[in-house]
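Me: Can we go through the pockets and cores here, with the reasoning behind each label?

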Amino acid sequence: MSTQRSFFNRRLHSLLGVIPVGFFLIEHLYTNYHITGGKESFVESVNWLWGIPILLVLEVLFIFLPLMYHGIYGLYIAFRADNNVSQFGTFRNIMFMLQRVTGVITLIFVLWHIWQTRVQVAIYGWTSTQLADQTVAIMSNNIWLIVYMVGLLCAVFHFCNGMWSFLVSWGVTVGPRSQTISTYIWGAVFVAMSFVGIRTILAFASLG
Amino acid sequence: MSEQRTIRLIVTRQDDPDSRPYQEEFRIPYRQNMNVISAFMEIQRNPVNAAGEKVRPIQWESNCLEEVCGACSMVINGRPRQACSALIDKLEQPIRISPMNTFPVIRDLIVDRGRMFDALKRVKAWIPIDGSHDLGPGPRQSQEESDWRYELSKCMTCGVCLQACPNVNNSSDFMGPFIVGQVNLFNAHPTGALNKDERTSALIGEGGLQECGNSQNCVQACPKGIPLTTSIAIMNRESTRFVLKKWLSF
Ligand code: FES
């Protein structure tokens with residue numbers, strides 16, 4: 001009898017990508033979107049978040065650790081694939097390749113982003129207003145602006161295409177028709193989330 | 001008399017399992033309605049390469065010559081497919097032919113697809129009905145069920161889906177897309193369903209179903225048009241259910 005360890009690991013990787021990592025992405029984009037209503041609105045929603053009790057424990061347990069598992073096991077998956085888009089230039093095969101490429105970029109970006117924001121907050125004890133100002137300073141730099149846009153698009157793509165894949169991997173969308181409909185739905189979600197994210201980034205930049 | 005038309009073939013060859021592959025070009029006289037196999041036969045008759053040197057004839061496997069045995073699978077102009085149904089008139093020239101290198105190459109275009117047969121044994125891709133006494137007639141199947149199973153039963157173990165899949169390679173132990181279709185085939189049979197947990201359990205073992213990354217190349221490449229990705233999703237659903245049942249009932 002063979003073991004079922006890799007099945008378990010792979011399914012855990014898939015699940016954690018959605019709950020909690022995917023949910024956190026949506027929540028994060030939503031909170032930051034407040035900046036489009038002005039700095040005060042953003043500061044207010046950050047303060048609300050920071051008011052959650054035992055926040056650090058929750059952050060580590062329900063965001064950081066699942067994210068790291070998803071990221072590290074994801075690297076293992078990504079680098080084991082032998083991409084062959086040049087022979088099979090089909091839509092799904094290109095998505096398969098992009099899912100791996102965006103995953104790697106997102107992981108690097110997110111680690112940097114955590115360092116540049118969350119860790120700095122912890123080290124220097126920034127207030128939410130200072131955090132807003134620092135973020136404005138980052139986004140006012142054109143290079144960082146581009147880095148953040150690329151990081152955002154990769155993260156959102158990885159989430160949306162990952163959701164498509166998640167639904168297949170758990171046996172929710174089975175036939176080709178449901179999978180095609182799912183492609184359109186997640187395509188639309190990708191556009192919507194990208195719009196929200198890009199607007200947020202530009203709103204930060206415009207305050208600089 | 002008009003000039004003699006020729007066919008250009010560039011073949012990736014290998015003398016034995018351990019030697020390095022190399023390319024050799026051949027030019028053979030054109031005839032109507034040739035396929036890749038008959039082009040190889042032409043080379044066998046007159047084993048001279050494009051440089052005019054006498055070489056060992058190309059080695060390949062073929063059997064049915066009507067795309068039902070799967071023996072003649074190879075990569076033709078970048079696509080894994082059967083050589084017997086690859087018509088020269090429909091191929092762009094020079095025709096580039098190489099072995100399906102996802103498998104160990106034995107010689108020239110001959111590969112060892114043994115791992116596929118090992119996988120079939122691992123997942124018990126059969127229905128155990130042997131016994132010392134008459135078991136009587138099996139349960140009836142609906143037309144719909146049997147139509148679905150008929151599609152899955154077309155698999156000829158040719159290996160094309162393994163060659164097409166980005167997750168079947170040296171650093172992965174994935175048994176290949178075909179195996180999922182086969183488990184689906186036997187699990188969907190009313191008598192075969194009696195052993196369905198055994199098969200599902202083997203299917204989610206190391207190198208199993210979980211290695212699929214949904215590139216869906218298999219369903220594009222399958223010469224028999226087997227709905228492999230549908231089978232994969234069906235088995236994903238079955239194994240989710242199987243695992244939950246197992247964990248909740250220890
Ligand atoms: S010889 Fe049987 S499939 Fe080509």
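Me: What volume does the second largest pocket have?

Reply: About 700 Å³. That volume is the space filled by probe spheres set on grid points joined across faces, edges and corners. This is a predicted model, where local features need pLDDT of at least 70 and side-chain atom pairs count only at pLDDT 80 or more, while totals for chains, interfaces and linings use all residues. Residues are numbered from 1 along each chain as its sequence is written, chains are lettered from A and ligands numbered from 1 in the order written, and side-chain values use heavy atoms, leaving out hydrogens and water.

Me: What makes the second largest pocket lie between domain 1 and domain 2 of chain B?

Reply: Domain 1 (6-111) and domain 2 (114-128 + 141-248) of chain B both give residues to its lining, so it lies between them. The domain bounds come from an automatic or database assignment.

Me: Which core residues have the most contacts inside the largest nonpolar core?

Reply: Val123(B), Leu162(B), Phe178(B), Ile179(B), Val180(B), Leu203(B) and Leu209(B), in a core of 43 residues. A nonpolar core is a set of buried Ala, Val, Leu, Ile, Met, Phe, Trp, Tyr and Cys residues joined through side-chain atoms within 4.5 Å, and buried means under 20% relative accessible area (exposed is over 50%, partly exposed in between; 1.4 Å probe, protein chains only). At least three of its residues come from each of domain 1 and domain 2 of chain B.

Me: What is Val123(B) in contact with, leaving aside neighbours within four places in sequence?

Reply: Met175(B), Ile179(B), Val183(B), Arg199(B), Ala202(B) and Leu203(B); contact means heavy atoms within 4.5 Å. Another core, of 39 residues, lies apart from the largest one and includes Leu25(A) and Phe109(A).

Definitions and conventions: On a 1 Å grid over the protein atoms alone, a cavity is a set of points where a 1.4 Å probe fits but cannot get out, and a pocket is an open set with protein on both sides within 12 Å along at least five of seven lines; lining residues have an atom within 4 Å of a point.
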